[in-house]
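Subject: Structure handover

Hello,

Here is the structure we talked about passing on. Please open it alongside this note. My findings follow below.

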Amino acid sequence: MPSKTRIEIPGEIAAQVQFNSDRTCCVCWVRGKPYQIHHIDEDPSNNDIDNLAVLCFDCHNETQLRGGFSRKLDAFQIVKYRTDWTKRVASKRDKEHGPSSLSRSEILTASVLRILKIEEKSNETGYSIDAEYPRFEPETSGSLAEVNLCIAAFVMRIIQPFRSQAIQRSNEKAELRKTSPSAAWDSLSISHRLSLVTDELLSMDFSAWTYNAGAAHPTRQTYTLTVQRNPPLEINPKDMFDKSSEYLHLLSEYCVGELRRQESDNGDKTIEKTKDDWILSGAGPNAKNYERLVLEGRGLRVFFDEYQVGCHAEGRSEVFVPVACFGQALTPSMKALLKLKEWHYQGSAVRTL
Ligand SMILES: [Zn+2]
C-alpha cells in the first residue's frame, strides 16, 4: 500500500468545516473540547470538504479501533453524525441570530484567515503546550499587522504563567514519575473561536484546558479578546459600556433569567435553592462576572466558567444576550463601531424575570 501523504488543509476549507460544526465534535457534541479535523476516508491528502469532520480526541480514538469486540466508529457513521449535527448547528444559529444576520461563514470569507499553531514539549521538565490562534492576511495595512501581534501577545499571556509554573514544578513531577508516570505531566491546550470579524472589530474567545500533574481532572478557563482594528486597540468589556448606564444590571438580569431557564430545562424542572444562589452570585451585577464576553452578529455572549454558576461537572455555561437588551448602554463609539444605528433595538425588549 502506498504511504499516504498529509497535505495541510487549506485555511479557508478548515475554517468552513469548523464553522459548520460550530467548533464542536459532531459525534458527542461536547462543547469546548479540543478537537481535530478528521479525514473520513482516512486519506490525509483528500481535503475535499465532504471528506472532513470535526471530532474530539476521544471520538477520534474510536475511529482507530482495530479488531477486538469494540465496534469501530466508521466512515458511514461519521457521515451520518456530521449531517445531523451540522443541520442542528445551522438551525440553532438561525433561531438565535435570525436568518438575516451576517453569518460567520460570510464574515470569514471577507478576509483570509490562517490558523497558527504553537507546539512545545519538554520531556525533562514534563510539560507540553499546544495552542492555536488566528492570523489575518494579507497584512496590507499596518493596522492588521498590529492586530495580529495583539492576538499573538494575548495568547502568550496565557501561555507564560503556565510554562513558568510547569518548570518550577519539575522536581515535584520527577518524584511523582516514580509512582505514577502518566500523571507526572503538566499540559496546556488552547483553542479559539471567532465570534465577530468586521472591518471595525474582531472578537474571539480562547479556551485554555490545563492539566496539572497529579490533579484529578483538567480545568478549563475562558479568555476573551475584542480588538478595534483602526487604530488597533484592545477593548475591555467594561469599556464597551457607558459608565453611567446600568449595564451590569441589564446583563445580569438577562443572564440570570437565561441560566435559570437552562437549568430548569425551559421551566420543566424546579431549581434547587443552592443552585439558584450559585447563579445569583456568579451572574450577579458585578463587573468581575462580566469580564468574559465576546461580541457576535446581533448581540454578545457571556461565558461563565466552571465553578462560577455551577460545579466542575456542569462545566462552562454561556448566555447569548441580544443587542436589544444592552444596546442603549453602549458607549457612543461602540455604537458606531457596531453600526448600531442600522439595527433595531429598544429597551422594552429586555426580558423580565
Ligand atoms: Zn466527541
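Start with helix α5. It has a kink of about 25° at Ile159, shortly before the proline Pro161. Keep in mind throughout that this is a predicted model.

α5 covers residues 142-168. Its 27 residues should span 39 Å at 1.5 Å a residue, and the end C-alpha atoms are 38 Å apart, so the two values agree. The buried residues of α5 are Val147, Asn148, Ile151, Val155 and Ala166. They pack against four strands: β4 (127-137), β5 (186-197), β6 (201-211) and β7 (219-228).

Now the overall picture. The protein chain has ten helices and eleven strands. It runs to 353 residues, and 29% of them are buried. Take the contacts between residues at least 6 apart in sequence: 62% of these join residues at least 24 apart.

Next, the sheet towards the end of the numbering given here. Three strands form an open sheet in the order β9-β10-β11, with antiparallel pairing. β9 (293-296) and β11 (317-322) are the edge strands. Each has a single partner strand, so one side of each lacks a neighbour in the sheet. From one strand to the next, the twist averages 20°.

β10 takes in residues 299-304 and pairs with β11 over six bridges, in the antiparallel sense.

Helix α7 (residues 247-263) lies across β10 and β11. The helix runs at about 130° to β11. α7 has 17 residues and reaches 24 Å from its first C-alpha to its last, close to the 24 Å expected at 1.5 Å a residue. Its buried residues are Tyr247, Leu250, Leu251, Tyr254, Cys255, Val256 and Leu259. What covers them includes α8 (273-282), α9 (323-326) and the two strands β10 and β11. Just after α7, Asp265 takes a positive phi of about 50°.

Which residues does Val302 touch, beyond its neighbours within four places in sequence? Val302 sits in strand β10. Its contacts are Leu251, Cys255, Tyr290, Arg292, Leu293, Glu318, Val319 and Val321. Two of these names, Leu251 and Cys255, are also among the buried residues of α7. Val302 itself counts as buried because it has 26 C-beta neighbours inside 10 Å. Val321 is 19 residues from Val302 along the chain, yet their C-alpha atoms are separated by 7.5 Å.

Last, some backbone details to check in the loops.

- Asn230 to Pro231: this peptide bond is cis, with omega near -10°. Pro231 is in the loop between β7 and β8 (233-234).
- Trp29: phi is positive, about 60°, although the residue is not a glycine. Trp29 lies in the loop between α1 (11-20) and β1 (35-39). With 16 C-beta neighbours inside 10 Å, Trp29 counts as partly exposed.
- Glu42: phi is again positive, about 65°, and this is not a glycine either. The loop between β1 and β2 (52-56) holds Glu42. Glu42 is exposed, with 12 other C-beta atoms within 10 Å.

Best wishes

Methods: Residues numbered from 1 in each chain as written. Predicted model: local features only at pLDDT ≥ 70, side-chain atom pairs only at ≥ 80, totals over all residues. Buried ≥ 20, exposed ≤ 12 C-beta atoms within 10 Å, placed from the backbone. Contact = placed C-beta atoms within 7 Å. Pairing = 2+ DSSP bridges. Axes fitted to C-alpha atoms, helices over the stretch in contact; angles between N-to-C directions. Expected span 1.5 Å × (residues − 1). Bend = angle between axes of the 7 residues up to and from the residue.
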